[in-house]
Amino acid sequence: MRIFRDRSGRNGKVVTVIRGLPVREVEARASELKRLCGAGGAIKDGAVEIQGDHRERIAERLRALGHTVKLAGG
């Protein structure tokens with residue numbers, strides 16, 4: 001699973017993108033992570049997008065749930 005920061009095509013606004021979540025978990029995890037970060041977000045093409053830069057917080061939560069997480073990008 002990879003977590004990275006992206007801003008392309010978003011008018012300079014940063015979003016945190018999580019790819020590689022199991023398909024059956026995407027909906028539930030998206031809701032949980034949005035609540036954890038206190039931010040909005042969406043699911044696009046199987047990836048969860050959370051508004052803002054929350055990579056560390058999300059990685060910590062997913063590791064606690066037993067996922068292998070890799071921070072990618074700058």
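Biologist: What share of the 74 residues in the protein is buried?
Modeller: This is a predicted model. A residue counts as buried when its relative accessible area is under 20%. By that cut-off, the buried share of the 74 residues is 35%.

Biologist: Which elements does the protein have, and in what order do they run from the N terminus?
Modeller: The protein holds 2 helices and 5 strands. Read from the N terminus on, their order is β-β-α-β-β-α-β.

Biologist: Why does the radius of gyration of the protein agree with a compact globule?
Modeller: A compact globule with 74 residues would have a radius of gyration near 11 Å. The C-alpha atoms fill a box of roughly 35 × 20 × 20 Å along the principal axes. The radius agrees with the globule because the protein also has 11 Å.

Biologist: How far apart are the end C-alpha atoms of helix 1?
Modeller: Helix 1 covers residues 26-37, which is 12 residues. At 1.5 Å a residue it should span 16 Å. The model agrees, with the end C-alpha atoms apart by 16 Å.

Biologist: Which elements do the buried residues of helix 1 pack against?
Modeller: The buried residues of helix 1 are Val26, Arg29, Ala30, Glu32, Leu33 and Cys37. They pack against strand 2 (15-19), strand 3 (41-44), strand 4 (47-51) and helix 2 (55-64).

Biologist: Which glycine takes a positive phi just after helix 1?
Modeller: Helix 1 spans residues 26-37. Just after it, a phi of about 65 degrees is taken by glycine 38.

Biologist: How far apart do the centres of the positive and negative side chains lie?
Modeller: The protein has 16 positive and 9 negative side chains. The distance between the centres of the two sets is 2 Å.

How values were computed. Residues are numbered from 1 along each chain as its sequence is written. This is a predicted model: local features need pLDDT of at least 70, side-chain atom pairs count only at pLDDT 80 or more; totals for chains, interfaces and linings use all residues. Side-chain values use heavy atoms; hydrogens and water are left out. Helices (H or I, at least four residues) and strands (E, at least two) are DSSP runs, numbered from the N terminus. The radius of gyration is taken over C-alpha atoms; the globule rule is 2.2 Å times the number of residues to the power 0.38. Buried means under 20% relative accessible area, exposed over 50%, partly exposed in between (1.4 Å probe, protein chains only). Lys and Arg count as positive and Asp and Glu as negative; His and the chain ends are not counted. The place of a charge is taken as NZ of Lys, CZ of Arg, CG of Asp or CD of Glu. The expected span of a helix is 1.5 Å times one less than its number of residues. Contact means heavy atoms within 4.5 Å.
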